[in-house]
Amino acid sequence: MNSSNSSAEFSGVQGQDDWFYGTYPGNIPANYTNLPNFTGFVWNNPGVGAILDFPQLDPNGGHPQFEGPQPAVRRWVSNYCGEITIAGDFFDRDTNCGDGAHVRIFVNGVEVYQFLNIPGNSVPYSITQMINPGDQVDFVIDPIFDAACDDTHFTAVITAEVEDFIINNGSSSTCGIACIEVSQEDFTCDNLGANTVTMTVTDVNGDTQTCDAEVTVEDNIFPTASNPAPVSVQCPADVPTGNPAIITDEMDNCTPTVVFVGQTSDGMTCPETITHTYSVTDESGNSIEVTQTITVNDDTAPMAVCQDITVNLDATGNATITTADIDNGSNDNCTAAADLMLSLDRTTFNCDDLGGMGVPVVLTVEDECGNTATCTAMVTVADPLSACCAMPTAVCQAFTAQLDATGNVTIAASDVDGGSIAECGLQSLIIDNDAFTCNDVGTNNVTLTITDINGDSDQCTAVVTVEDNTPPTASNPAPINVECPADIPAADLAVVTDEADNCSATVAFVNEMSDQNTCPETITRTYSVTDPSGNSITVTQTVTVNDETPPMPVCQDITVTLDANGQASITVADVENGSTDNCTAAADLTFALSQTTFDCTNAGQVVPVTMTVTDECGNSTDCTANITVNDDSAPSVATCPTNISVNNDAGVCEAVVNYDLPTFGDNCDGTNTGTLVAGLAPGSVFPIGVTTVTYEYTDAAGNMVATCSFDVEVIDNEAPNAVCQNLTLGLDENFELTITPEDIDAGSTDNCGVSDLMLDMENFDCTNSGTNMVTLTVVDDAGNSSVCTAQVEIPATPEPMITCPVNLRDCDGQFDLECTDLNSFTFGISQATISGTAAPYVAGDISPGGNATLNLATAPTGVPLTLTYTLTVGNCPPVSFTCTFMVTSTSGSDAGSFPRN
């Protein structure tokens, strides 16, 4: 067992005991760097900040760097191969601040464990890892998630099983052996015998060499098993055969096999002990024996079975019995019947034992183990040879028996015994028939048998007369009620349903009589009930004939139409549809209707009419026929106004119109004015235009609608009121002006509304300076129009005021003629002259806010320059101006401007 301990092996030398102390710059495992400084207690890499501003490691833990975080890393470098176990614990040593201890474990830069622990709680850990020589295991205190003052306890103990292989027989390497491995380390029962194992030896440089060895696996461990539980049985036949399955807890490091060896007996009986022996053997022949004892002990008593018998005394008055006479199949659970021992408590009998119920005899049964049982048999002693007394004599007498209410009678032997004699004592007195029924009425012969206590008997015959004096019974049949004479049933013996007699009863019809009445009539029928012995009674049944069922009326619904006078009528034949009655023929039924005539008040309605049907017994019932009353006469138009045309009322766009209402006629409703369905009522205000007025009338029956329509036209013939206003307006920047009718209109009106405004003149320019007369035309929707006139004043075009520049110069030979405050005028310079001589010095126009350039590059200095320019305002005639000034230098910076005042 090899081990390394991070606390116990802590030192100030990098690499001592395979431990190194460093950090991960940038928190990247691949950047691992050893810490450069050891203070005598801790490894660190001091910075320039606070005391915790660097990673630090001490024997039991450390802390990371917290500004530009870097972990504190304790590294262990493996010097062997195989599986290692890493265990330890960690916790936050500074619980006053911070939020926990965050630890990680890396193997060759790959994380295999991490945990974030809350402050104060210690967390143990343990992991396993496969490693090889030179593998690096890093224990990292990580700054991530930790506060700046976290200080962490973090320890590690590394343990590894170092194999001491028995097949290694001195393997060596000049460079040093790093690892020895075998192809098979563990063996089981499946590997019993010889096994080839390959051993691989690796040196510190990674070079390998193999060799094979034979490993023989032996098993010298004996199996185990418990003795099976003892068994107890009653009989030898119950002893079980040897069965290896009863060994249930056999165990072995390999696989055991159970075999039954044999059995032995102690030679005893009741009880006998038998021992079963089993062997438990494993695959290597290791074996043990276990035993089971079986006790055979019969403690169950036999089953004694007796039978009653009769024995006859011989001529000397004696008799003898054996166990075979009494035994009736006695048996035992173990002992065979032939081997049972039987005995009787009595075997001889004489005349003293005659009579009575018999003599009790006890049979005792004993099995081979001494268990016993008994039963008792009754032995009847008989004297057939009259060795003890004389034969009996039977004496008979006649007897009369009355049948009871059920038709039965039972007699006793004593009823026919006339003094029979049994000298030895009477044992029984019986007759061959003691029960009689209706079938036995009259005389019957009965045999009487007398038997004495010896079993001797004698017979005689007696006459038994059977009589029946009980009359039959029956109830009057239930009364019958029928509706009609035709329903009267014929006389029927089956109506007597409860006739009864102790023997049998016969029903017969006697007669019937009527009381001669009708609705209802009563008929009485008489029946007789008689038994075979002539006993007889009579019963009666009444049949009542009474029709109480009303007829079945059948109505049919019909439709009637009012005539031109608004009248209609019906008869019974119109609504009767096959009414019937249970007794009265249809031709003999009487009918009545609740209503037969209809008028306009019923038009469009369904009128229920009751038909009453009555039969010959006065029973009546009703049905209802629904009479639909139709009015098919459509209404008509009596009067309808003609079309109407009127002018509007003054000052308004409408007119009040009156007209006569139309009238309509109908066969039921008379004369009516109808209903307004479109347009306006008379006296209403009608709008300009055509309004169609429609009246409709539908009679109460909902017949076709009668319609009256006419047009009411209101004409607008009133002209608008034109109102103008004068305007004074200036021209725009282009010395132009456009006006609209709304500019002139001063509130023109019309009774129906103005639809259009028009001017005879809308566009103006400088040629229109002064007063202009403009006509406004106002038109309404109906085309009526009127006009008014307004004055439009246009001011004269203003002349600009020009100030000429003096003694100007231009540093670059270009004279910038700046046109300021010209508004929308186009300032066109047509020519420039020097001393009256024209020279093309001008280029371009001066637009509002722009510049024109005067080329003075060759102009003489100190000589008056005359500039002629033209001002054009809109489409007005151009106006020319001149300006004279001095150019003092062609290299100066002066500029001239032509402002408009």
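## Disulfides and aromatic pairs

At 14% relative accessibility, Cys460 counts as buried, a term for under 20% relative accessible area, with exposed over 50% and partly exposed in between (1.4 Å probe, protein chains only). Its partner is Cys396: the two form a disulfide, meaning a pair of cysteine sulfur atoms within 2.5 Å. Cys396 is partly exposed at 22%.

This is a predicted model: local features need pLDDT of at least 70, side-chain atom pairs count only at pLDDT 80 or more, and totals for chains, interfaces and linings use all residues. Residues are numbered from 1 along each chain as its sequence is written, and side-chain values use heavy atoms, leaving out hydrogens and water.

The structure holds 14 disulfides. The table gives some, including their S-S values.

| Disulfide | S to S | About the S-S bond |
|---|---|---|
| Cys396 and Cys460 | 1.9 Å | 90 degrees, right-handed |
| Cys640 and Cys708 | 1.9 Å | 85 degrees, right-handed |
| Cys653 and Cys752 | 2.0 Å | 105 degrees, right-handed |

Cys640 is partly exposed at 35%. Cys708 is buried at 1%. Cys653 is partly exposed at 27%.

Aromatic rings come next. A search of the whole structure finds 18 aromatic pairs. Rings of Phe, Tyr and Trp (its six-membered ring) pair if their centres lie within 6.5 Å; planes under 30 degrees apart are stacked, over 60 edge-to-face, the rest tilted. Phe664 and Tyr697 have ring centres 5.9 Å apart and planes at 20 degrees, so they are stacked. Both Phe664 and Tyr697 are buried.
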